[in-house]
Amino acid sequence: MKTKLLDARLPREGSLEEMQAMRKRAAAAIGEAADILKRGGLVAFPTETVYGLGGDALNPAAAAAIYAAKGRPSDNPLIVHIAQRDQLTQLTGCVSETAEKLMDAFWPGPLTMIFKKKEAVPNGTTGGLSTVAVRMPDDPVTLALIRESGLCIAGPSANLSGSPSPTSWEHVYNDLSGRIDAILQSGESRVGIESTVLDLTEEIPTVLRPGWVTPEEIGAVIGGRVEMDPALFVNRPRDVSAGRDEQPEIRLLEDCVGPAPKAPGMKYRHYAPKAEMVILQGSQEAVHREAKRLAQEQETRGKKVAMLLFSDEDLAAAAKTLFSELRRCDEEGVDFIVASAVEASDSVGFAIMNRMLKSAGYHVVTV
Ligand code: TXA
Ligand code: MG
């Protein structure tokens, strides 16, 4: 199948005529994308977190096609994207006061909430679970797409299963060209890591995947306790030497020390660049010294080395660039990546480290 590129880039500046022409082109692109979705096809779409791979959430065939295009294990449920709160009634009958407060505070935005699902939501969308994950993305193109299609749109990150999530339409094209009907072209994702996933089906709201919206912010809004899935603190597989695998997408972290994660997707090896990756943890000075030494050591062995040295002063920049840097390393044929740990006592830092640890197969060296 040939993947169509649909130009939905919205004007930032230009003459009035240019701006009008771009708006018209974007509207036509969104209209065409909506038609494809209504016919059961697949369209990648921009969001503020990462690009998603969209299909009609209530059409089991579309959901199945999403899994096939990504090479995703079928027990890993999809997030359903909506543009208006009244769409929730198609998906769940259980919206608590807590959920209402969180929607007021964070939607549209990078918070996904898990509810008990209605019968109409196919098991093929929820990986066989009796719950459904829902979010309202903060992106004008995608909000317009959802409205125009009139659908609830299932959308996992638009990468091949196992590789870093895409933060630009080019990333999506590199992974999924020929496997999906179309890509809505727009700008780079602002946040750069995926949404916070919050389970609201138990008595105490529980973060299953950390993200840009922090447990402190959630707690402040609901005026109560928020728990973290204990599995998030599991940060090393029992056998570190088995941290890398020929087929990263099917590598399970089952043999990790501690409990299994409650979000099925969190148990899979993810975000893996082709290069070997090590995360250095310690004082900035010690990390920089060891990074230089390691890089020289690898280079004398003929390896191409890249350094990803993030700053705790600007975690937003670290979040925004992590996945695109990992992809750049792959494109440039890097063999060895030396990365610096970010401060995990900060909740955004914790979310970034959650992704980095998986990218590096839990290969961390304290210096
Ligand atoms: O920012 C995002 O959330 C992006 C954009 C495209 O919206 N989407 C995304 O989807 O990251 P995906 O499929 O790559 O990750 C969804 C995560 C997985 O870890 C999955 O297991 C979990 O959410 N999840 C989805 N539905 C769930 C459910 N009913 N119960 C528990 N975990 C669920
Ligand atoms: Mg994903």
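This is a predicted model: local features need pLDDT of at least 70, side-chain atom pairs count only at pLDDT 80 or more; totals for chains, interfaces and linings use all residues.
Two packed helices are described by the angle between their axes and the distance between the axes. For helix α4, which spans residues 97-106, and helix α8, which spans residues 215-222, the axes come within 9 Å and cross at roughly 120 degrees. Because angles of 65 to 115 degrees count as roughly perpendicular and those over 145 as roughly antiparallel, the two helices are classed as oblique to each other. The crossing of α4 and α8 is right-handed. On the side of α4, the contact is formed by T98, K101, L102, A105 and F106, and these meet E217, I218, V221 and I222 of α8. By residue class, the contact of α4 with α8 comprises 6 nonpolar residues, 1 polar residue and 2 charged residues.

A disulfide is a covalent bond between the sulfur atoms of two cysteines. A search of the whole structure for such bonds returns 0 disulfides. In the case of C94, the closest cysteine sulfur belongs to C152 and lies 16 Å away, which is too far for a bond, given that a disulfide requires the two sulfur atoms to be within 2.5 Å. C152 is likewise in no disulfide, the sulfur of C94 being the nearest cysteine sulfur to its own.

Key:
Residues are numbered from 1 along each chain as its sequence is written. Chains are lettered from A and ligands numbered from 1 in the order in which they are written. Side-chain values use heavy atoms; hydrogens and water are left out. Axes are lines fitted to C-alpha atoms, for helices over the stretch in contact, and angles run from 0 to 180 degrees between N-to-C directions. Helices (H or I, at least four residues) and strands (E, at least two) are DSSP runs, numbered from the N terminus. Angles under 35 degrees count as roughly parallel, over 145 as roughly antiparallel, 65 to 115 as roughly perpendicular and the rest as oblique. A crossing is left-handed if the near helix is turned anticlockwise from the far one by less than a right angle, and right-handed if clockwise. Contact means heavy atoms within 4.5 Å. Ala, Val, Leu, Ile, Met, Phe, Trp, Tyr, Cys and Pro count as nonpolar, Asp, Glu, Lys and Arg as charged, and the others, Gly among them, as polar.
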